[in-house]
Amino acid sequence: MKIKTIYKKLNDIANQLNIKIIKGKGNFKGGSCVYKEENIIVLNHNKPIEDRVRNLAFSLLEFNLNTLDIESKIEQILKEYEYIKENI
């Protein structure tokens, strides 16, 4: 699966969870936060798409994904990122 397809599918998961994604440019890493009771994931568009996918996946792992119907390939990718996150 192409990296841009993975990025789009992870964005779709965030939309299903009603998580707002803010795409900005600057000198920051990105991540998730709650602002005024709204879940937000901030991604840095200056970073390569691989970094944006990693940050998006790491952020999504903080939420309950069990209620969603996620295709097996994306689920496997999220499990790989979960393993990476736990072993950093």
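A charge sits over a ring if NZ of Lys or CZ of Arg is within 6 Å of the ring centre and within 35 degrees of the ring normal. Keep that handy for the last exercise. This is a predicted model, where local features need pLDDT of at least 70, side-chain atom pairs count only at pLDDT 80 or more, and totals for chains, interfaces and linings use all residues. Residues are numbered from 1 along each chain as its sequence is written, and side-chain values use heavy atoms, leaving out hydrogens and water.

**Exercise 1.** Work out how far H2 is enclosed, and by what.

*Solution.* Start with the cut-offs: buried is under 20% relative accessible area, exposed is over 50%, and partly exposed is in between (1.4 Å probe, protein chains only). Nine of the twelve H2 residues are buried, so the rest of the structure largely encloses the helix. Among them are Ile49, Val53 and Leu56. Next, the cover: it includes helices H1 (3-16) and H3 (72-86), plus strands S1 (20-24), S2 (31-35) and S3 (38-44).

**Exercise 2.** Sort out the sheet that these strands build.

*Solution.* Two strands pair if DSSP finds at least two bridges between them. The three strands make an open sheet, ordered S1-S3-S2, with mixed pairing. S1 and S2 are at the edges with a single partner strand each, so one side of each has no neighbour in the sheet. S1 and S3 run parallel, joined by five bridges; Ile21 stands opposite Ile41 in S3.

**Exercise 3.** Classify the aromatic pair, then find the charge over a ring.

*Solution.* Rings of Phe, Tyr and Trp (its six-membered ring) pair if their centres lie within 6.5 Å; planes under 30 degrees apart are stacked, over 60 edge-to-face, and the rest tilted. There is one such pair in the structure. The ring centres of Phe58 and Tyr81 are 5.8 Å apart with planes at 85°, so this is edge-to-face. It ties Phe58 in helix H2 to Tyr81 in helix H3, 23 residues apart. Phe58 counts as buried at 12% relative accessibility, and Tyr81 is buried at 15%. Finally, the charged end of Arg52 sits over the Tyr7 ring, 5.7 Å from its centre.

Technical notes:
Helices (H or I, at least four residues) and strands (E, at least two) are DSSP runs, numbered from the N terminus. Contact means heavy atoms within 4.5 Å.
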